[in-house]
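Open the model in a viewer and keep the sequence panel beside it. The stops below say what to select next and what is there.

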Amino acid sequence: MRAWRALRWPAASYSSSSSSCPADGKPRRRAWESSLSPLERVRRLLPPEEAAAVARCAAAAAPQPQAPPEEKEEAAVADPDRGLVEAAGPRSGAFRAGELALAEVRRKRNTTLKLLCRLAAEAVLSSPSGVLPHRDIIGQLPGQVLRTSGGARLLVRRPSLEEYVLLMPRGPTIAYPKDIGALLMMMDIHPGDTVLETGSGSGAMSLFLSRAVGPKGRVLSYEVRDDHHAIAKKNYRRWRSAWEIGHRDEWPDNVEFIHRDISTAAADMKSVTLDAVVLDMLSPQSALPVVHPSLKQGGVCAVYLANITQVIDLLDTIRSCKLPFLCERIIEVTHRSWSVLPAKLKHSKSSQMVETQENIEEPPQNEYEEIHFQDQTVVKESKCNESLCGAAETNRSVPYVARPSHWQEAHSAFLTQLRKFRPQLS
C-alpha cells in the first residue's frame, strides 16, 4: 500500500506542475474553471434539441434594452398621452382636446342623464348638478368617475356611434339604430361596396354605411334640401374629426354628399355600378326608375317607410310600371325593454310584498326628453319600473324583480326589401 502511494504521489505532483506551469510560463486553466453561468453549464449537459429550446426561453426572458432617461423625458414632454395610448391600445387612451366625451349621471327613479360635448381646454360641461371643466376631463382615461362643482358624480367615457347618432344635432327625424341595423342586414353590405343613399337627413344612415363599406368602399348620399344637406355633412365631419383624435386609425372619408334631387340624376347613375341602394324619402317610388339600371343583378334596394300606406303605394308603382323588383319581405322592428332590479322585502301582518329599491312614488311625466343647447346635447332617459309582485322563495341571497318596462320605444318604421331580378324574355 505504501509502495502504491509512493508511486501515485510523484505522478500527481508531475501532472499538477506540468499543467499549471507550461513551457511559456503562463498558468493554464482547467475546463471546469472557466467562468460559465449555471444555465450554460446545464445547457452543455443537455442534448442539442433541448439545449436550443433552453436558449430560446432564456432569450425571451432577457430584459429588453431601454432608452436612456433623458430620451424618455423628452418623449414625455413632446407627447404626454403617448404612453397612455400605447399601454391601453389603439381603441382607447386618454382624452384629448377636440374629441367627443359622453358623461352619464345617475338620478332618481332609475334615470340616466347623458351629456355629449366636444372637449376644449377653456370650456365647461354644464349639468343640473353643477359644472365640470373640460380641463379636468382632458388627460383622463375613459370610464372614470369625476365630480362636478355640486358634488354629483359623472361617468365620463367615449360615445359609441349609436349614442352619437341619438345625441347629435338633428334637422329631420333620423333613422333609429335599431332600424339601421336591420337595413344593413337586408342589403348584405361588404367592405369595398358602392352604396347609394337617397335622403341624407341628419347623417345617421351615412355614418353607419361609411363604417360598413370601409376605406375601399364608397357611399353616394343624395339630398334635395339645403338645410338637411348641411346638417348631414356637419355631423359626419364632426364624428370623423373626433375619431381621428382619439384613435390611431382614421375614419374613412368615403361619403360623398350630393345636393341634388335623385329623380333628376339619371345621367350621374349611368357611370356607376351600385351594390346596394337604400331609400329614405317621402316618395321612394319616384327614385326607382332612376336607380334600378345602375343596381347590379340580384342587388337589394332597402326602403325605409314611416307607415304602411307608403308601402302600398310603393308596391303598386312597382306593379304598374313593371319595374324589375321582387318584394321579398316587409318587416317592422320592435324592441321591448325589460327591467331587472334587486328588490327588498317588506314584512307586514297581512302579506309580504317585494318592492324594488328605486323610488317609484312619483313616476316621471316625460319618459324621453331631449334638450339641445350650444355644443351639448342632453338626453334624459327615464325608465320608471313599478315592481310589486308576490314574494317567492329563491336560491339567491337577494331577490330580483324582472318585468317589461312601462316605458317602451314608440318609434316604428316599415322596412321593405326589394331585390332586382332579370325579367324573362317572352
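Select α7 (residues 177-187) and show what surrounds it: its buried residues pack against α6 (161-167), α8 (204-213), β10 (274-279), β11 (295-305), β12 (325-332) and β19 (414-420). Contact here means heavy atoms within 4.5 Å; buried means under 20% relative accessible area, exposed over 50%, and partly exposed in between (1.4 Å probe, protein chains only). Helices (H or I, at least four residues) and strands (E, at least two) are DSSP runs, numbered from the N terminus. Nine of the eleven residues of α7 are buried. They are Pro 177, Lys 178, Asp 179, Ile 180, Ala 182, Leu 183, Leu 184, Met 186 and Met 187.

The model is predicted: local features need pLDDT of at least 70, and side-chain atom pairs count only at pLDDT 80 or more, whereas totals for chains, interfaces and linings use all residues. Residues are numbered from 1 along each chain as its sequence is written, and side-chain values use heavy atoms, with hydrogens and water left out.

Asp 188 sits in the loop between α7 and β7 (194-198), and its phi is near 55°, a positive value in a residue other than glycine. Most residues other than glycine have a negative phi. Asp 188 counts as partly exposed because its relative accessible area is 47%.

Now colour the core. A nonpolar core is a set of buried Ala, Val, Leu, Ile, Met, Phe, Trp, Tyr and Cys residues joined through side-chain atoms within 4.5 Å. The largest one has 43 residues, and those with the most contacts inside it are Val 165, Leu 183, Met 187, Leu 209 and Trp 239. Two or more residues of this core come from each of β1 (100-107), α6, α7, α8, α9 (226-246), β9 (255-259), β10 and β11. Which residues does Leu 209 touch, not counting residues up to four places away in sequence? They are Leu 184, Met 187, Ile 189, Val 195, Glu 197, Val 219 and Val 278. A second, separate core has 26 residues, including Leu 196, Ala 287, Leu 288 and Ile 318.

Then select Thr 148, in the loop between β5 (144-147) and β6 (153-157). Is Thr 148 buried or exposed? It is buried, because its relative accessible area is 8%. Its side chain reaches the backbone oxygen of Ser 129 at 3.0 Å. Leaving aside residues up to four places away in sequence, Thr 148 touches Ser 127, Ser 129, Gly 130, Val 131, Leu 132 and Leu 154.

Helix α12 (residues 308-321) gives the most to the patch, with three residues. Ile 312 lies in this helix and counts as exposed because its relative accessibility is 53%.

Last, select Lys 322, in the loop between α12 and β12. Its phi is near 55°, again positive in a residue other than glycine. Lys 322 counts as exposed, at 74% relative accessibility.

Zoom out to finish. The chain has twelve helices and 19 strands, and 39% of its 426 residues count as buried.

Notes: Polar contact = N/O pair within 3.5 Å; in protein donor to acceptor, adjacent residues only side chain to side chain.
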